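Biologist: Please walk me through the packing in this model. Keep it brisk.

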Amino acid sequence: MGKWAARGCSLPCLSVVQNDIIFKGTFMTTNNYTPQNPYEIIYGNEESFHRIDEIICGTEKLPDDGKCGILLYGAFGTGKTTLAKMLPECIEMGRTNGGLNMPEKFIGCQQGFNGPQVTTLLDKITSTVSLNVSGLHYVILDEVDNLSKQAQQSLKSVLNTKRAIFILTTNNISPARLLLI
Ligand SMILES: Nc1ncnc2c1ncn2[C@@H]1O[C@H](COP(=O)(O)OP(=O)(O)OP(=O)(O)O)[C@@H](O)[C@H]1O
Ligand SMILES: [Mg+2]
């Protein structure tokens, strides 16, 4: 099972299970289990599960008080991207009882994506009016640890909006690599 590692940060930190998974008493590898919703994801610990549940139900408000993101972290193949893609629809449903009117924006972070490019792209998204009933944009930043230090610094300044919820994934939460934390 993945190990929970709470850190002081401006984003809720969530871990997901590591390596192969055990589900309903049967040993299953990640190749033969396809979760359909966040409640079928196997979490690294109870706290992560409850945190996700509270965000979906709206008990934990986002964006709120400088918090506008969720950081999912765990080793390779632990379901981070899968969960990240499920969350926008579920969060919108939890807030409005309806689905997304506009799809989430998925950004696969690659090396070489520089600070101004990150800022321009995210500013462009958040400056438009969301068609969602919640009024929120949903943005997934996958493998955010691939960004350069400069790009991560720029991201930090953009992640301070009330107009969007950001879902970030990473394999690496080392403060040296990830300045967000
Ligand atoms: N914690 C988990 N709960 C349920 N299914 C899982 C879990 N981890 C992995 N899986 C299964 O493995 C598949 C691949 O996971 P996914 O690509 O989302 O992992 P990842 O953490 O994003 O990997 P990477 O670090 O390589 O990007 C999922 O679609 C699912 O079938
Ligand atoms: Mg992934």
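The questions below go from a helix pair to a helix face and then to the core.

Modeller: Go ahead. Bear in mind that this is a predicted model.

Biologist: How are helices H1 and H2 oriented to each other, roughly parallel or oblique?

Modeller: The axes of H1 (residues 46-57) and H2 (residues 80-96) lie 7 Å apart, at an angle of about 50°. Angles under 35 degrees would count as roughly parallel, and 65 to 115 as roughly perpendicular. The pair is therefore oblique.

Biologist: Which residues of H2 make the contact with H1?

Modeller: H1 brings Ile55, Ile56 and Cys57. The residues on both sides divide into five nonpolar, one polar and no charged. From H2 come Cys90, Ile91 and Gly94.

Biologist: Which element gives the most to the largest nonpolar core?

Modeller: That core has 36 residues, and Leu72, Leu87, Ile165, Phe166 and Ile167 touch the most other members. Elements giving two or more residues include strand S4 (69-73) and strand S7 (164-170). The top contributor, with six residues, is H2.

Biologist: Beyond four places in sequence, which residues is Leu87 in contact with?

Modeller: Leu87 is one of the core members with the most contacts to other members. Leaving aside neighbours within four places, its partners are Pro38, Ile70 and Ile167.

Key. Residues are numbered from 1 along each chain as its sequence is written. Chains are lettered from A and ligands numbered from 1 in the order in which they are written. This is a predicted model: local features need pLDDT of at least 70, side-chain atom pairs count only at pLDDT 80 or more; totals for chains, interfaces and linings use all residues. Axes are lines fitted to C-alpha atoms, for helices over the stretch in contact, and angles run from 0 to 180 degrees between N-to-C directions. Helices (H or I, at least four residues) and strands (E, at least two) are DSSP runs, numbered from the N terminus. Angles under 35 degrees count as roughly parallel, over 145 as roughly antiparallel, 65 to 115 as roughly perpendicular and the rest as oblique. Two residues are in contact if their C-beta atoms, placed from the backbone, lie within 7 Å. Ala, Val, Leu, Ile, Met, Phe, Trp, Tyr, Cys and Pro count as nonpolar, Asp, Glu, Lys and Arg as charged, and the others, Gly among them, as polar. A nonpolar core is a set of buried Ala, Val, Leu, Ile, Met, Phe, Trp, Tyr and Cys residues joined through C-beta atoms within 7 Å. A residue is buried if 20 or more other C-beta atoms lie within 10 Å of its own, exposed if 12 or fewer, and partly exposed in between; C-beta atoms are placed from the backbone.
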